[in-house]
Amino acid sequence: MRSIEVIAGTKVQYLSHELLFLALSGQPYRGTVAIAFESIGESFNLLDFKVYLTSLRSQTFTAENIAHEIYQKIQSHIKTKDLGIIIDLSSRGGIQQRLAFGADFALVKKETIFQVG
Amino acid sequence: MSNSTLTLLGDKNTQYSYEYKPELLETFENTHQGNDYWVSLNADEFTSLCPITNQPDFATLVISYIPHVKMVESKSLKLYLFSFMNSGEFHEEVVNKIGKDLVKLMQPKYLEIIGLFYPRGNISIHPTFSYHNGKKKYKKLEKYRFMNRNLNPKRQG
């Protein structure tokens, strides 16, 4: 992931409802990923991040480790302050999982992103 | 009711296919064939690939039908829908293909599928497939729903 210059002190949040990866069983897992940090001079190139997210479609993870995977990926490419990741996975067997890694933050809500209420 | 043809439901060693595989679909018998009733199956995790750019597409599929003799078994439907994951299909192609596969499988009295795809390039595409079995009642139903579709468009996404 290439970095881009962002004025230090800018609070950045990203949200994608298009997270997809494979569980150990091979069943695809769908979810939402939210990322928040305070810039200390840079962020990542969004196109590169999209390509990275897409690459997870063919990778297998234990669901509980997916937040750490994304955290590590960002940490290894850009310097941030208070980086936090929150993942909401779609329910499996009636159970919904929320996974968080790094700094706590309030999750941005965009009510209209899903097309069926 | 005979469920002897069901092989996937309850199978502990489920195999997932990421390439289009219509033979995954299985049915069970409708035990209320004398009644007309709706069955709606909502698939919020549908995904496929753009055939040109190879970028992922996502959608909610709303499948509604009035069963005749056969009904689609939902686990087999889940596995069938996952099999589109690495298939390159336009949104319109996906919805028509699934519609035709389900008609071939079940021969329902009536069936419709609406694909609510996530926006790409600021545009979300919502193709609809519909089918009736030729009987007057279902033909009339299909015509009514076709002609009245999206009369009051609302902002989506």
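Two residues count as in contact here if their C-beta atoms, placed from the backbone, lie within 7 Å. On that basis, in this predicted model, take the contacts of chain B between residues at least 6 apart in sequence: 69% of them join residues at least 24 apart.

As for what chain B is built from, it has three helices and six strands, running along the sequence as β-β-β-β-α-α-β-β-α. Its radius of gyration comes out at 16 Å, close to the 15 Å that the globule rule gives for 157 residues, so chain B is as compact as a globular protein of that length. The C-alpha trace spans about 50 × 45 × 20 Å along its principal axes. Buried residues account for 27% of the 157 in the chain.

Zooming in on chain B, S130(B) sits in strand β6, which covers residues 128-132. It has 17 C-beta neighbours inside 10 Å and therefore counts as partly exposed. Setting aside neighbours within four places in sequence, the contacts of S130(B) are E112(B), E142(B), R145(B) and F146(B). With E142(B), twelve residues apart along the chain, the C-alpha separation is 6.9 Å.

Over in chain A, H77(A) belongs to the loop between α2 (66-75) and β5 (80-89). H77(A) is partly exposed because 18 other C-beta atoms lie within 10 Å, and a residue needs 20 or more to be called buried. Not counting residues up to four places away in sequence, H77(A) touches M1(A), S3(A) and F44(A). As for S43(A), it is 34 residues from H77(A) in sequence, with 9.1 Å between their C-alpha atoms.

Key: Residues numbered from 1 in each chain as written. Chains lettered and ligands numbered in written order. Predicted model: local features only at pLDDT ≥ 70, side-chain atom pairs only at ≥ 80, totals over all residues. Helix = DSSP H or I, 4+ residues; strand = E, 2+ residues; numbered from the N terminus. Buried ≥ 20, exposed ≤ 12 C-beta atoms within 10 Å, placed from the backbone. Rg over C-alpha atoms; globule rule 2.2 N^0.38 Å.
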